[in-house]
Amino acid sequence: YPAEPVFDEAHFATYAAKYALHLPLSDIHPPLGKVLYGAALSFTPKNTYSSNYSFIETKRGNTSTTLVTETPIKKYSDFPYVYLRIFSAFFGLLLALSVYAFLKSITKNEYISLFGMFLVTLDNALMLETRLVFLNGMYLAFGFFALAVFFKQKPRPLLAGILWGLALSVKLIALVFLGPLFVAMLFYYKKQEWKIMLRNTTTFFIVGMSVLVILFLTLNS
């Protein structure tokens, strides 16, 4: 419920179906999130969405060079939207686990980590975001897992960079996950430790941006 697109679901459900059907599309976000939703659609009969997949209308604006996208009220009908919402809820579960892993890495305290996970689990906004066909649950889960791996006692900047790249490939706003790395560098007073942190951060950044570029070029080809 409801059995109709809610807010940006109209866009993301449409793009997911277009990826699944190998149809051209134009979107402001990187492609990974919609491609993953499209993969979820592959587990449903193709006839349930091949004839009813577009929940947005693109029309010409006031001038010949402008386009206006509208989201008219339209029922999902036979479109398998429940599968997409279940897939989103799966990332909601991963988000809670990723926050736990991140807090465990930086605090080494089980109670703080569990409490943080508890707060995220019961946060109304995140609960709603991860029950609808939205992208925030995806990029947040990938991003927090990236930080968790980066701040482990034995950091793995390469793997962390890959996870951050996946977050970026869902939404570019995942750039915010660079913030904790820069803040952490302020607390390294010993020259040798600061150099190690700088090297790990550089690896994290280069690998993450490389993953973004590779996925963007591959999935949009």
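**Group meeting: a walk through the model**

Let me start with a pair of helices. Helix 3 and helix 4 are roughly antiparallel to each other, because the angle between them, about 150 degrees, is over the 145 that this label requires. Keep in mind throughout that this is a predicted model.

Two packed helices are described by the angle between their axes and the distance between the axes. Helix 3 covers residues 81-107 and helix 4 covers residues 110-121, and their axes lie 8 Å apart. The crossing of helix 3 past helix 4 is right-handed. Which residues make the contact? From helix 3 they are Leu95, Ala96, Leu97, Val99, Tyr100, Leu103, Lys104 and Thr107. Helix 4 brings Glu110, Ile112, Ser113, Leu114, Gly116, Met117, Val120 and Thr121. Sorted by class, this contact holds 10 nonpolar, four polar and two charged residues.

Now the chain as a whole. There are nine helices and two strands in the protein chain. Read from the N terminus, the order is α-α-β-β-α-α-α-α-α-α-α. The chain has 221 residues, of which 43% count as buried. Its C-alpha atoms fill a box of roughly 60 × 40 × 35 Å along the principal axes. If you take contacts between residues at least 6 apart in sequence, 69% of them join residues at least 24 apart.

Ser169 sits in helix 7, which spans residues 157-170. Is Ser169 buried or exposed? Ser169 counts as buried, because its relative accessibility is 1% and the cut-off is under 20%. The side chain of Ser169 reaches the backbone oxygen of Gly165 at 2.8 Å. Leaving aside residues up to four places away in sequence, Ser169 touches Pro30, Pro31, Leu32 and Gly33, and also Val211, Leu212 and Leu215.

The second residue is Asn47. Where is Asn47? Asn47 lies in the loop between helix 2, residues 32-41, and strand 1, residues 57-60. Asn47 is exposed, because its relative accessible area of 58% is over the 50% cut-off.

Methods. Residues numbered from 1 in each chain as written. Predicted model: local features only at pLDDT ≥ 70, side-chain atom pairs only at ≥ 80, totals over all residues. Heavy atoms only, no water. Helix = DSSP H or I, 4+ residues; strand = E, 2+ residues; numbered from the N terminus. Buried < 20%, exposed > 50% of the residue type's maximum accessible area, 1.4 Å probe, protein only. Axes fitted to C-alpha atoms, helices over the stretch in contact; angles between N-to-C directions. Parallel < 35°, antiparallel > 145°, perpendicular 65-115°, else oblique. Left-handed = near helix turned anticlockwise from the far one by under 90°. Contact = heavy atoms within 4.5 Å. Nonpolar A, V, L, I, M, F, W, Y, C, P; charged D, E, K, R; others polar. Polar contact = N/O pair within 3.5 Å; in protein donor to acceptor, adjacent residues only side chain to side chain.
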